[in-house]
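Have a look at the model first, then read on.

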Amino acid sequence: MNNNIILGISVLALIIVFIIIILLIGKSKIKELLTPLEISRDDINNYLKQKYKLYKLMIKYIKENLSIKEDAFSKFLQYDTKECVQSELINVLQETTAELNEYVDNYDELEKSQEFMDLKKKLYVVEINLEATIDYFNNKLNTYNNLKEKPPTSLGAKFYDFDEFNLIPNEKDEISRLINLN
């Protein structure tokens, strides 16, 4: 009878050790993805701020050199970057892209201006980096979420509190017209 008790305790101890190992492995696999996610999120924020600054310069150029509607770019100009929320900034930039495209489409002199073309070239570089970083972030995020949801790593996710991240939209249609350098 003592042998059965010892065997039972041994089996129970092995099961507990096995569960602990699964939890630790799950935790470490998920934690591996946190650093690239956080770094790429910060990079995205930096690129968005660079894009914002370039838009500001483009709008200034347009306002100084073209006759434009009085309320043009009002939402962009009223946006407070000090209290910047990534999703809001992305929305403001997308709306402003459409507005900028209207002026680029309707005023040929913008394409003839070296100053404006230089701004477009800078925007092109920022946009390429931004899109690549968003794609990288979204791919890593999908992997991160899969690890948190699928066994056996999901067991580790249930016992540890991991950050939540949202996919970042990567709309390329409107911006491709604006950054077209031809």
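## A greasy patch and what surrounds it

Ile15 is partly exposed, at a relative accessible area of 44%; on this scale buried is under 20%, exposed is over 50%, and partly exposed lies in between (1.4 Å probe, protein chains only). Before going further: this is a predicted model, where local features need pLDDT of at least 70 and side-chain atom pairs count only at pLDDT 80 or more, while totals for chains, interfaces and linings use all residues. Residues are numbered from 1 along each chain as its sequence is written, and side-chain values use heavy atoms, with hydrogens and water left out.

Back to Ile15, which sits in helix 1 (residues 2–65). Helices here are DSSP runs (H or I, at least four residues), numbered from the N terminus. Together with Leu7, Val11, Phe18 and Ile19, Ile15 makes a nonpolar surface patch of about 480 Å². To join such a patch, a residue needs over 30% relative accessible area and no salt bridge, and nonpolar side chains (Val, Leu, Ile, Met, Phe, Trp, Tyr) are joined within 5 Å. The areas come from the Shrake-Rupley method with a 1.4 Å probe, and for residues only the protein chains shown count as cover.

Now for the inside. In soluble globular proteins, nonpolar side chains tend to be buried together. The largest nonpolar core here has 44 residues, and Tyr55 and Tyr144 touch the most other members. Helix 1, helix 3 (86–106), helix 5 (114–149) and helix 7 (173–178) each give two or more residues to this core, and helix 1 supplies the largest share, 14 residues. A core of this kind is a set of buried Ala, Val, Leu, Ile, Met, Phe, Trp, Tyr and Cys residues joined through side-chain atoms within 4.5 Å.

What does Tyr144 touch? Leaving out residues up to four places away in sequence, the list is Ile30, Leu33, Leu34, Leu37, Phe162, Asp163 and Phe165, with contact meaning heavy atoms within 4.5 Å.

Helix 3 has buried residues too, among them Leu89, Ile90, Leu93, Thr97, Leu100 and Tyr103.

On to the charges. Side chains of opposite charge can pair when their charged atoms come close. The structure holds four salt bridges, each being a side-chain nitrogen of Lys or Arg within 4 Å of a carboxyl oxygen of Asp or Glu. Some of them are tabulated here.

| Pair | N to O distance |
|---|---|
| Glu95 and Lys75 | 3.3 Å |
| Glu111 and Lys120 | 3.0 Å |
| Lys148 and Glu164 | 2.7 Å |

Lys148 in helix 5 and Glu164 in the loop between helix 6 and helix 7 are 16 residues apart, so the pair links distant parts of the chain. Lys148 is buried at 15%, whereas Glu164 is exposed at 63%. Glu95 in helix 3 and Lys75 in helix 2 (residues 74–78) also link distant parts of the chain, 20 residues apart. Glu95 is partly exposed at 39%, and Lys75 is partly exposed at 46%. As for the remaining pair in the table, Lys120 is buried at 1%, while Glu111 is partly exposed at 27%.

Key: Patches are made of residues with over 30% relative accessible area and no salt bridge: like charges are joined within 9 Å, nonpolar side chains (Val, Leu, Ile, Met, Phe, Trp, Tyr) within 5 Å.
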